[in-house]
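Hi,

Here is the structure I said I'd pass on.

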Amino acid sequence: MKVLHIDHIGVAVNSNQESKTFWSDILGLPFEGEETVTEQKVKTAFFPVDKSEVELLESTADDGPIAKFIEKKGQGIHHIAFRVDDIEGALAELKEKGVKLIDEKPRLGAGGAKIAFIHPKATGGVLVELSER
């Protein structure tokens, strides 16, 4: 498995619109746009930083994973995503090594990326996403 760089840091927020002020107006990061990922019950907002991005995550449903996360832990860092060159190969390698996965096969994420999550129990409590674009 080849990790290329940090793809993005996902931040769970109550409102992308309200949170945009800090990331764009205060820090001066360019706002790249929003996208709704219906399957994941989330609306994303992106702020590029060099080869990485900050990704705001607003739930679109009360029973969505981001809503549940905020209910338990409050707003804040939800996950860190690493860009990989071959997500299928990375998942096969992790599975072979006995790493607990949330996704054994990639699914479609924001921006057309192929994504998969590694279970936090395998990473010391951090939700890790793999992303191939």
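Let's start with the largest pocket: 31 residues line it, and Ile66, His78, His79, Phe117 and Leu127 lie nearest its centre. Pocket here means, on a 1 Å grid over the protein atoms alone, an open set of points where a 1.4 Å probe fits, with protein on both sides within 12 Å along at least five of seven lines; lining residues have an atom within 4 Å of a point. This is a predicted model, where local features need pLDDT of at least 70 and side-chain atom pairs 80 or more, while totals for chains, interfaces and linings use all residues. Numbering runs from 1 along each chain as its sequence is written, and side-chain values use heavy atoms, without hydrogens or water.

H2 (65-73) gives the largest share of that lining, 6 residues. Strands E3 (42-49), E4 (52-59), E5 (76-84) and E7 (114-118) each supply at least two. Helices (H or I, at least four residues) and strands (E, at least two) are DSSP runs, numbered from the N terminus.

Now helix H1, residues 16-26: Asn16, Ser19, Lys20 and Trp23 are buried there (under 20% relative accessible area, with exposed being over 50%; 1.4 Å probe, protein chains only). They sit on the same side of H1 because they cover an arc of only 120 degrees around the axis, taken from the directions from the helix axis to the C-beta atoms. Facing away from that buried side are the exposed Gln17, Glu18, Asp25 and Ile26. After H1 comes Gly28, with a positive phi near 80 degrees.

Cheers
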